[in-house]
Amino acid sequence: MPPDPTSHRLPGLVVTDHEVEVPLDHADPGGQRITVFAREVLAPRKRDADLPWLLFLQGGPGARSPRPTGRSGWLGRALADHRVLLLDQRGTGRSTPATRQTLLAHGTAAEQAAYLTHFRADAIVRDAELLRAALGGGRAWTVLGQSYGGFVAMTYLSLAPEGLDRVLVAGGLPPLDRGAEEVYRATFPRVRQRYDGWLERYPGDGDLLDAVADHVALHDVRLPGGDRLTVPRLQSTGLALGWSDGYERLHYLLETAWVDSWRRELSDEFLTAVETATTFVDRPLYAVMHESIYCQGFASRWAAERVAGTLPEFAPTARPLLPTGEMLLPALVRDDRAVAPLAETAELLAAHDGWPALYDTGRLATNTVPVAAAVYHEDMYVDHALSMETAERVGSLRTWSTSRLGHDGLRSDDRVLDRLLEMTHE
């Protein structure tokens, strides 16, 4: 028998590509169709074993699933006793893409916005259920959700708990009925906390960031792709501060900022690094839909911008200049050529108030599927207190609350997945 053309081997891995057609709108199964892609990963010696499935839900929203290069980290642990399925959530990676280039083919900004209303967690769950039926014969599987993937997992528990054997969440217990504004009022102080920690480690970096901001405010500084570097875009480099190695990432970014000691020109190396760190070219859905992940029957109306307007210490003109973390501001969409043509679409989505519910709080309260969640005390993106509030409202959920890890604990510490698996076996 000839080899399966969709399969290939990597060191320690057998990788098989899968594609399924799904409805754009699951309420209209006979309507427009899109493709969803997922990559199966398996340990070679267990290729013929009857292993349970583990579905990995990537953070984001709007980020593709990891591309495996070897058997390391959490993936290596998962492969010890699972077939792992890495899902490119609809609109990302090799699933039918939703980008500046593809969305323009859908017509006006209003038509693009209407199309994108079908790209939230509820649709991702329905896609996963079709994949489960196609690949696993309907057998319940384990879901592992990192960050936003945990949000999707809670929607999964709300909509289709029969498809779940257990749920593992790393830094992603969502607020069940709080809006984006409440979320940002909780997370802006977390950003300030991380900024202060960064300066404790690198005391001179605050002055360096301020000097770069002053230069950017006074000059027409262009990034390699042609976008103007604005102070708000510079502030968004602070997204990295929430990761376990975030202090170092920002420190090493800034250490090559100037061409020479006279501080008259920003270096090409620095500008290239800033562009890479801040562009939405690899995650356009994040730019246009990020705040919608908190919306259920109401519009976000650019919640982060409204909250920032009440916090003058985060203003672009303030010194010291504080980073803005993951807060999505409309100026960041307008000033990035990768998504600027979608700015009107983003405005319409921010004003959209017809978002359906993502969570069934009654069903979650009586949930019997085992759930284990790692909750990080200093998480800059998913507030610890709001996550613990959610944990108390979900049946059969156990938490592991730790101050030792950052938001990317699943990636940075191989023991996280092992701990979550143990918690659902006890």
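**Salt bridges**

Tutor: Arg185 has a relative accessible area of 42% and is partly exposed (buried is under 20%, exposed over 50% and partly exposed in between, with a 1.4 Å probe and protein chains only). The model is predicted, so local features need pLDDT of at least 70 and side-chain atom pairs count only at pLDDT 80 or more, while totals for chains, interfaces and linings use all residues. Residues are numbered from 1 along each chain as its sequence is written, and side-chain values use heavy atoms, with hydrogens and water left out.

Arg185 forms a salt bridge with Glu181, with the closest N and O atoms 3.2 Å apart; the term means a side-chain nitrogen of Lys or Arg within 4 Å of a carboxyl oxygen of Asp or Glu. Glu181 is partly exposed at 28%. Both residues lie in helix α6, four residues apart, about one turn of the helix (helices are DSSP runs of H or I with at least four residues, strands runs of E with at least two, numbered from the N terminus).

Arg178 pairs with Glu389 at 2.8 Å, N to O. Arg178 is in the loop between β7 (164-170) and α6 (180-201) and Glu389 in α16 (residues 384-391), so this bridge ties together parts 211 residues apart in sequence. Arg178 is partly exposed at 25%, and Glu389 is partly exposed at 25%.

Asp88 and Arg67 form another bridge, with the closest N and O atoms 2.7 Å apart. Asp88 belongs to strand β5 (residues 83-88) and Arg67 to the loop between β4 (53-57) and α1 (73-78), 21 residues apart. Asp88 is buried at 0%, whereas Arg67 is partly exposed at 25%.

Asp245, Arg249, Asp408 and Arg411 are linked in a network of salt bridges. The whole structure has 30 salt bridges.
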